[in-house]
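Please read them alongside the sequence and the coordinates.

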Amino acid sequence: MTADQYLARGESGETTVVPVIDIGPYLRGEDGAGTVVEQIRHACAEVGFFVLSGHDVTPDLLGRMRAVSAAFFDLPDEEKRRHTSVPGETMGYVPMGRENLAATLDLDRPADLKEIFDIRRPDLPDDPYYGSRMGRRLFRPFEWPARPDGFARTWTEYYRAVESLAARVMEVFALALDLPADYFTDKTDRSVDYLRVINYPAQDTPPAPGQLRAGEHTDYGTLTLVATEDVPGGLQVRTRSGEWADVPHVPDSFVVNIGDMMAQWTNDAWVSTLHRVANPDTGAASARRQSVVFFQNPNYDTVIAPIETCVTPAAPARYEPVPAGEWLLNKVTKQRA
Ligand SMILES: O=C(O)CCC(=O)C(=O)O
Ligand SMILES: [Fe+2]
């Protein structure tokens with residue numbers, strides 16, 4: 001991916017960088033559904049990011065998810081560390097200093113200033129897909145924290161809600177690529193999703209040179225749904241001219257971005273845009289930030305190759321086929337600080 005593929009406009013540009021799209025008409029099968037498809041096609045091709053409103057994940061559920069997660073991060077360090085993920089994995093608690101997203105682009109930067117709790121699909125179905133060698137590697141069972149109360153219940157409820165929403169967005173993606181609405185269904189129905197809450201603590205000491213809340217990176221999979229927070233030190237996208245532009249926070253909406261595998265599927269007709277999480281200004285260093293992030297990655301045995309509607313004589317296939325699980329593991333290995 002080269003910098004000139006990032007079309008979003010930055011500080012010096014007045015254009016809206018990241019459009020807000022109301023998916024409601026599509027979800028309800030109303031007349032405006034065609035417009036939703038058009039808007040999403042445009043956003044994915046031009047920006048790689050959009051803000052999704054009109055979805056059916058309730059503010060109540062999101063509020064409970066935030067509260068229970070914040071309560072976990074407020075537990076004593078020693079209690080959180082009992083859930084520390086095995087090295088090279090992100091399942092469970094990932095303490096400060098363990099992840100470095102810029103390293104996925106082979107950049108030499110200090111570790112990200114964040115801690116994480118991360119799960120895979122809860123309540124795994126009895127299916128050889130999950131029990132195979134690759135299945136066990138990617139869907140390793142994890143232990144829920146005993147505290148705070150209701151953690152497992154709320155996270156499971158949230159997982160189900162965003163998993164369904166992601167499936168509906170994938171239908172829109174298929175339609176936007178002139179494919180049948182269910183084109184991606186059998187490629188993502190056992191997806192290797194990551195549900196993680198990221199706590200970006202207040203910055204009591206100044207970050208090291210080049211150190212950020214999250215270093216620049218692209219996401220790896222199909223799509224990401226981020227519930228952001230309106231506090232200093234937030235998500236930024238890289239514009240075509242190489243500037244960093246803030247992604248707007250719209251209450252009760254998700255920031256949606258596409259990942260590398262969607263860019264490869266579309267033969268780069270759609271962009272997997274560089275982004276990062278900035279530090280708060282010194283004056284706002286006490287601002288803590290928490291984001292709730294759902295990454296959808298295809299089934300591990302889905303082979304990602306440019307889709308036929310995206311390959312033309314003028315745009316020949318740019319990518320060799322690659323199994324999604326392999327691509328994902330390669331990235332996850334690199335992200336270790
Ligand atoms: O915290 C955020 O707003 C986004 C984090 C992010 O981009 C990531 O973890 O991939
Ligand atoms: Fe990201």
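1. The axes of helix α2 (residues 33-46) and helix α7 (residues 151-176) come within 9 Å and cross at roughly 80°. That makes α2 roughly perpendicular to α7, a label for angles of 65 to 115 degrees. Axes are lines fitted to C-alpha atoms, for helices over the stretch in contact, with angles from 0 to 180 degrees between N-to-C directions. Helices (H or I, at least four residues) and strands (E, at least two) are DSSP runs numbered from the N terminus. From α2 the contact takes Val-36, Val-37, Ile-40, Arg-41 and Cys-44, and from α7 Val-172, Phe-173, Leu-175 and Ala-176; contact means heavy atoms within 4.5 Å.

2. On provenance: this is a predicted model, in which local features need pLDDT of at least 70 and side-chain atom pairs count only at pLDDT 80 or more, while totals for chains, interfaces and linings use all residues. Residues are numbered from 1 along each chain as its sequence is written, chains are lettered from A and ligands numbered from 1 in the order written, and side-chain values use heavy atoms, leaving out hydrogens and water.

3. Which residues are the protein donors of the iron ion (ligand 2)? They are His-217 (NE2), Asp-219 (OD) and His-275 (NE2), at 2.1 to 2.2 Å from the ion. Donors are N, O and S atoms within 2.8 Å of the metal (3.2 Å for Na, K and Ca); water is not among the atoms, so sites may look incomplete. Along the chain the donor spacing is H-x1-D-x55-H. Asp-219 sits in the loop between β6 (214-217) and β7 (223-227) and His-275 in strand β11 (residues 275-277), so the pair ties together parts 56 residues apart in sequence. Both Asp-219 and His-275 are buried (buried is under 20% relative accessible area, exposed over 50%, partly exposed in between; 1.4 Å probe, protein chains only).

4. Leu-138, in helix α6 (residues 133-138), counts as buried because its relative accessibility is 3%. The C-alpha atoms of Leu-138 and Arg-120 are separated by 8.2 Å.

5. Some backbone geometry deserves a look. Most residues other than glycine have a negative phi, and most peptide bonds are trans. A cis peptide bond joins Arg-147 and Pro-148, with omega about -10°. Phi is positive at Asp-106, near 60°, and at Asn-267, near 55°. Asp-106 is exposed, at 60% relative accessible area, whereas Asn-267 is buried, at 5%.

Notes
Parallel < 35°, antiparallel > 145°, perpendicular 65-115°, else oblique.
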